[in-house]
Amino acid sequence: TWHLKKIPQIVRERTFSLDSPKFEAKTKLELNSVCGIECQRKLPVPSLSDLKNLLSYETVFENGTRTLTEVNVLGAVLDPAANKTTQRPLRKKRQIYGTDSRFSIYDKKFMTNFPFNTAVKISTGCSGILVSPKHVLTAAHCLHNGKDYVKGSKRLRVGLMKTKSRGNGRKRKETSDGLPSFQWTRVKSTHIPKGWFKGVSGDIALDYDYAVLELKRPHKRKYMELGISPTIKMMPGSMIHFSGFDNDRSGQLVYRFCSISDESNDLFYQYCDAEPGSTGSGIYLRLKEPNKKKWKRKIIAVYSGHQWVDINGEQQDYNVAVRITPLKYAQICFWIHGNDGNCTQG
């Protein structure tokens, strides 16, 4: 069951202009020397002033201008056991772990229906997921390398899957190779938490590898709601699901599900089969609504991609996802609604 939680408040304190970004960074879909499971266990719990700094955010607009918004955090519960993780045996693996368990979705009926049609393609080569009529959730490193915005993010676009139609408006079948076609929409603005920027967060940057894009024009599709990420024990079979556009499958929509191997307060470590291109996909669960018989899918994490992490001084590799904690829920919800009035319960 989805358990409702009271959400902390993210309150805008002040916004000021920054110089325009250079947009010169290269897109890098695999990160190295990230603080791993053992490293996470040793990190101190962020103080309230740390959180205010990490959750302040930059906004880049379509015309290249940039602002920094400082925030206050109200009602946050600082968990002294925040970075405790479950001790499990470590395995050394690759991005495709054993038998490739990914499913390419060819059938238009599935591809253009919920939940698969919430997956979108980002023009920098990543994936994302629709979280409102005008907003897309993706990974921060698809847009910014920690020091500067990537080249392709200056004229950022989002591709929504569509069914081609003839001139008379009747829908027809997709091309025989089953590849989706896209309706591309310009991005009006981009929000990235300050915790992602190097020099602010140090080793814990990966915890803040998420971003929200505001589209120039709203779409009329069903989107995926946000949910608070439960612990592994509270997931049916510890299983997660996500769909994206893996580079090795030529623009096909690729779906997969797998179990979580380990977790910290902010990250899921798992061995879901995935290749670059699926980075930024929304990871979701299907749980029962409280006091109802209905089941509901919600996004509980953002797929950050294949990462080399430092564990006991050795480089191990995982496919890592950034969990939507109550604080991140509050921030993403604030970005979507522009206020915290609609973000009190998650």
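Biologist: How is the handedness of the link between Cys126 and Cys142 to be read?

Modeller: A disulfide is a covalent bond between the sulfur atoms of two cysteines. Handedness is read from the angle about the S-S bond, and in this predicted model the angle for Cys126 and Cys142 is -95 degrees, a left-handed link. The two residues stand 16 apart, and the pair ties together distant parts of the chain. Cys126 lies in the loop between strand S6 (119-122) and strand S7 (127-130), whereas Cys142 lies in the loop between strand S8 (135-138) and strand S9 (157-162).

Biologist: What is the S to S distance for Cys126 and Cys142, and how many disulfides does the count come to?

Modeller: A sulfur pair must fall within 2.5 Å to qualify as a disulfide. The sulfur atoms of Cys126 and Cys142 are 2.1 Å apart, and the count comes to one disulfide.

Biologist: Is Cys126 buried or exposed, and what of Cys142?

Modeller: The term buried applies under 20% relative accessible area. Cys126 is buried because its relative accessible area is 0%. Cys142 likewise has a relative accessible area of 0% and is therefore buried.

Biologist: What does the chain contain as a whole, and what percentage of its residues is buried?

Modeller: The protein chain has four helices and 18 strands. Of its 346 residues, 55% are buried. Contacts give a further view: among those between residues at least 6 apart in sequence, 74% join residues at least 24 apart.

Biologist: Which residues of H4 are buried, and what follows the helix?

Modeller: H4 is mostly covered, with ten of its twelve residues buried. The buried residues include Lys328 and Gln331, as well as Tyr329, Phe334 and Trp335. After H4 comes Gly338, with a positive phi near 80 degrees.

Biologist: How many cavities of 30 Å³ or more does a search of the whole structure find, and what lines the largest?

Modeller: The search finds two cavities of that size. Strand S3 (57-61) and strand S10 (181-193) each supply at least two lining residues. The largest share, four residues, comes from S10. By class, the lining of the largest cavity has seven nonpolar, three polar and four charged residues.

Biologist: What lines the second largest cavity, and how do its residues divide by class?

Modeller: The second largest cavity holds about 30 Å³ of space. Its lining consists of Pro115, Thr118, Ala119, Ile129, Ser243, Gly282 and Tyr284. Four of these are nonpolar and three are polar, with no charged residues.

Biologist: Why is Glu214 classed as buried, and which residues does it touch?

Modeller: Glu214 belongs to strand S11 (residues 211-215). Glu214 is buried because its relative accessible area, 17%, falls under the 20% limit. Setting aside residues up to four places away in sequence, Glu214 touches Lys134, His135, Val187, Lys188 and Ser189.

Biologist: How far apart are Leu74 and Ile7 in sequence and in space?

Modeller: Leu74 and Ile7 are 67 residues apart in sequence, while their C-alpha atoms are 9.4 Å apart in space. Leu74 is found in strand S4 (residues 66-74). Beyond its neighbours within four places in sequence, Leu74 is in contact with Pro8, Gln9 and Val11. With a relative accessible area of 37%, Leu74 is partly exposed.

Technical notes
Residues are numbered from 1 along each chain as its sequence is written. This is a predicted model: local features need pLDDT of at least 70, side-chain atom pairs count only at pLDDT 80 or more; totals for chains, interfaces and linings use all residues. Side-chain values use heavy atoms; hydrogens and water are left out. Buried means under 20% relative accessible area, exposed over 50%, partly exposed in between (1.4 Å probe, protein chains only). On a 1 Å grid over the protein atoms alone, a cavity is a set of points where a 1.4 Å probe fits but cannot get out, and a pocket is an open set with protein on both sides within 12 Å along at least five of seven lines; lining residues have an atom within 4 Å of a point. Grid points are joined across faces, edges and corners, and a volume is the space filled by probe spheres set on the points. Ala, Val, Leu, Ile, Met, Phe, Trp, Tyr, Cys and Pro count as nonpolar, Asp, Glu, Lys and Arg as charged, and the others, Gly among them, as polar. Contact means heavy atoms within 4.5 Å.
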